[in-house]
Amino acid sequence: MKGNFEFQTRKSNRSLWVIECINPNCSWRLRASKIVPESTKFVIQKYVGVHSFSLLNRNANHHQVTYVVIGEQVAPQYVGVEKGPGPKGIQTFAHTKLGAQISYYKAWRGRKHDRTLIRGSPEQSFHILLSYFHMLKKLNPRTVTFIDVDRESRFKYLFLAFGVAIRGFRYMRKVVGIDGTFLKGQYRGALLVTTAQDGNGQCYPLAWGIVDSENEDAWTWFLTQLKEVIGDTDKLALISDRAPSIKKAISTVFEKAHHGACAWHVAQNIKNKFKCADIMGSYWSVVNMYKCEDFARYMTEISHRYPRVAEYLENEVGFEK
C-alpha cells in the first residue's frame with residue numbers, strides 16, 4: 001500500500017483467498033487458504049513479493065485505501081480525546097503514513113468510522129439508554145430520568161437530572177436559567193439545559209433534555225418533568241431568552257413561578273435591533289440596580305438618549321422581567 005501498488009482479488013471464498021497485482025503483466029501474487037476446514041485462520045501458501053512492472057505505473061489513488069482501512073489506522077488517535085483529527089488531518093495521515101492520496105469525502109467517512117469504532121454508533125447509543133439510566137439511578141440515588149417514545153416506539157424525548165444536583169438545589173437561590181441549542185449529530189434534535197447558580201456565582205447544572213426541536217410541545221414536556229424535580233412556588237423564577245415556545249410552555253406548566261428575561265439576550269436584541277452599542281453601559285447599570293429609585297434614575301437617562309430603546313424595554317420586554 002505504501003508503495004502505491006494496487007491489487008485485485010482473483011478468487012475468494014470461505015477456504016481460499018487469491019490476490020494478484022492489478023497489472024496483468026506483473027508477477028506479484030499471494031495465495032492463502034484455511035489451515036483446516038473448521039478453522040477461521042488462513043495460512044499463506046504462496047507469495048511473490050516483487051512487482052515486475054514500471055514504477056511509473058503506480059497509482060497514488062489506491063483503491064484499497066478504503067475509508068474502513070483508514071479508520072482502523074487512525075482509530076488510536078481518537079482514544080481518550082474529545083475530537084481527534086479532522087478530515088484534513090486524516091488526508092495528511094494517509095499521505096505520510098500510507099502513501100495514498102484520498103479525497104476529503106473519503107477522509108470524512110474514515111473519521112466517522114473511527115468514531116463508531118471507539119464510541120459506538122448513534123443507534124447503539126439509543127439502544128443502551130435504558131440500561132444507562134438504570135445504572136445512573138443505582139449509583140446516584142434520587143436521580144430522575146424520563147424517556148418518551150412515539151407510536152412506533154421510537155425515541156422522542158429524554159430528561160435527566162442527577163440525584164446529587166437535585167439535593168444540592170435545596171441550598172441554591174431559586175432562580176433557574178433555561179435554554180436550548182441544536183445538536184449536530186446524525187439525528188439532529190435539540191439539547192435543553194437548566195442551570196442554577198451556586199454561592200460562588202458559578203453555573204450549577206440541574207437538568208438536561210434531548211428533544212426533536214425547540215417547539216412548544218417539546219418545551220412543555222421537558223418543563224413538566226422539571227416541575228417534578230424543583231416544584232412550583234411563587235419563590236421560584238425561570239429565566240429564558242423570551243422565545244415564544246418557552247414563554248407558552250412556562251405559562252402552561254408553572255402557574256406560580258415567575259418568568260424573567262435573560263439580560264444578555266435582551267442586550268443582544270438591543271444591539272441588533274437598534275444598532276446602538278454605546279448604550280450598553282447604561283443598560284447594564286439598569287440591570288444591576290436593586291433599588292427602585294436607582295432603577296428609575298438610569299431609565300430616565302436611557303429615555304432621554306434612546307427613547308426607542310426605553311420603549312422596547314418597557315413595552316416589549318417589560319420592567320418586571
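This is a predicted model: local features need pLDDT of at least 70, side-chain atom pairs count only at pLDDT 80 or more; totals for chains, interfaces and linings use all residues.
Since Tyr157 belongs to strand S6 (residues 155–161) and Trp221 to helix H7 (residues 216–230), the pair ties together parts that lie 64 residues apart in sequence.

The structure contains twelve aromatic pairs. One of them joins Tyr132 and Phe133, with ring centres 6.0 Å apart and planes at 40°, so this pair is tilted. Tyr132 is partly exposed, its relative accessible area being 43%, whereas Phe133 is buried at 5%. Elsewhere, one aromatic cluster is made up of Phe146, Phe159, Trp219 and Phe222. A ring also meets a charge: the charged end of Lys174 sits over the ring of Phe169, 5.0 Å from the ring centre.

Attention now turns to helix H2. Within H2 (residues 87–97), the buried residues are Pro87, Ile90, Phe93 and Ala94. Viewed down the axis of H2, these residues fall within an arc of 110°, so they line one face of the helix. An α-helix has 3.6 residues a turn, so residues three or four places apart point the same way. The buried residues of H2 pack against helix H1 (67–74) and helix H3 (104–119), while Lys88 and Thr96 are exposed on the other side of H2. After H2 comes Gly99, with a positive phi near 70°.

Terms used:
Residues are numbered from 1 along each chain as its sequence is written. Side-chain values use heavy atoms; hydrogens and water are left out. Buried means under 20% relative accessible area, exposed over 50%, partly exposed in between (1.4 Å probe, protein chains only). Helices (H or I, at least four residues) and strands (E, at least two) are DSSP runs, numbered from the N terminus. The arc is that of the directions from the helix axis to the C-beta atoms. Contact means heavy atoms within 4.5 Å. Rings of Phe, Tyr and Trp (its six-membered ring) pair if their centres lie within 6.5 Å; planes under 30 degrees apart count as stacked, over 60 as edge-to-face and the rest as tilted. A charge sits over a ring if NZ of Lys or CZ of Arg is within 6 Å of the ring centre and within 35 degrees of the ring normal.
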